[in-house]
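Hello,

Here is the structure I promised to pass on. My notes on its side chains follow below it.

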Amino acid sequence: MNSLPISASAIVIVLFAIFVLSSAIRVLREYERGVVFRLGRLISVRGPGLIILIPVIDKMVKVSLRTVVMDVPPQDIITEDNVSIKVNAVVYFRVLQPQKAIVEVENYLVATSQFSQTTLRSVLGQSELDDLLSQREKINQKLQQIIDTHTEPWGIKVSNVEVKQIDLPQEMQRAMAKQAEAERERRSKVIAAEGEFQASQRLADAARILSDQPSALTLRYLQTLREIATENNSTTIFPVPIDLLKPFLGKGQGS
């Protein structure tokens with residue numbers, strides 16, 4: 001008759017022991033740390049491995065030390081030159097001091113995300129569109145320094161910030177396309193003018209050489225005739241230099 005009460009009490013004791021052990025023993029992975037509070041007061045940071053807690057009295061909050069890749073949602077920004085754009089970014093950070101990440105801020109993930117959004121709008125709003133497109137690395141470094149400085153009291157280290165994409169309005173895209181087309185046309189005209197200038201210099205050099213050596217002009221003349229004769233032409237124009245007729249003209253005037 002007494003076996004039933006004994007078995008029921010044993011079951012209660014076993015269940016209580018399981019509850020105590022489950023609340024007292026914790027296992028943390030290599031990348032995890034446990035911030036332990038005893039009666040509401042911070043006592044230590046433990047881990048990784050096996051952690052023993054006092055049931056009911058001790059409370060532990062787990063914190064991951066791995067690098068967090070946080071996507072900053074697209075932000076509507078008006079640049080310094082009054083261009084409306086939409087920009088998103090990505091922030092790389094990790095927790096270095098778990099006790100500060102839990103005690104100094106309510107939710108360090110949300111706080112870092114919100115501060116990253118406000119910093120992105122503030123920094124890019126003070127830059128011109130050309131700087132955003134051409135000096136991306138400099139802007140990334142500036143964002144990283146500002147966010148890292150403000151999140152350092154929370155025990156967080158921001159290692160990198162990257163501006164991923166800049167969405168431009170259709171009107172601005174067409175204006176930039178026209179600007180690029182005009183720039184290419186300007187370059188083509190400059191190259192053509194440079195070619196004409198170099199050709200004129202070579203022609204001037206050739207004229208000086210021919211003027212110093214009259215026989216060179218005759219040789220060039222004969223070479224031109226040879227090139228004309230090689231073609232299948234029924235009519236050949238044979239220009240006679242006036243210099244060849246000067247001796248005959250002089251004899252006719254003398255007679």
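**Side-chain notes**

The count of aromatic pairs comes to zero, where rings of Phe, Tyr and Trp (its six-membered ring) pair if their centres lie within 6.5 Å. Please keep in mind that this is a predicted model, in which local features need pLDDT of at least 70 and side-chain atom pairs count only at pLDDT 80 or more, while totals for chains, interfaces and linings use all residues. Residues are numbered from 1 along each chain as its sequence is written, and side-chain values use heavy atoms, with hydrogens and water left out.

One ring does have a charge over it: Arg 66 lies over the face of Tyr 31, 3.8 Å from the ring centre. The rule here asks for NZ of Lys or CZ of Arg within 6 Å of the ring centre and within 35 degrees of the ring normal.

Now to the nonpolar core, meaning a set of buried Ala, Val, Leu, Ile, Met, Phe, Trp, Tyr and Cys residues joined through side-chain atoms within 4.5 Å. Buried stands for under 20% relative accessible area, exposed for over 50%, and partly exposed for what is in between (1.4 Å probe, protein chains only). The largest core has 33 residues, and Ile 85, Tyr 108 and Leu 120 have the most contacts inside it. Among the elements that give two or more residues to it are strand E6 (68–78), strand E7 (84–95), helix H3 (108–125) and strand E8 (156–167); helices (H or I, at least four residues) and strands (E, at least two) are DSSP runs, numbered from the N terminus. E7 gives the largest share, six residues. A second, separate core has five residues, including Leu 28, Val 36, Ile 51 and Met 60.

Which salt bridges might you look at? There are six in the count, each being a side-chain nitrogen of Lys or Arg within 4 Å of a carboxyl oxygen of Asp or Glu. Three of them are worth a paragraph here.

Glu 32 pairs with Arg 29, with the closest N and O atoms 3.4 Å apart. Glu 32 is buried at 9% relative accessibility, whereas Arg 29 is partly exposed at 47%.

Lys 164 forms a salt bridge with Asp 71, at 3.5 Å between the closest N and O atoms. Because Lys 164 lies in strand E8 and Asp 71 in strand E6, this pair ties together parts that are 93 residues apart in sequence.

Lys 86 and Asp 76 meet at 2.5 Å, N to O. Lys 86 is partly exposed at 33%, and Asp 76 is exposed at 55%.

Best wishes

Methods: Rings of Phe, Tyr and Trp (its six-membered ring) pair if their centres lie within 6.5 Å; planes under 30 degrees apart count as stacked, over 60 as edge-to-face and the rest as tilted.
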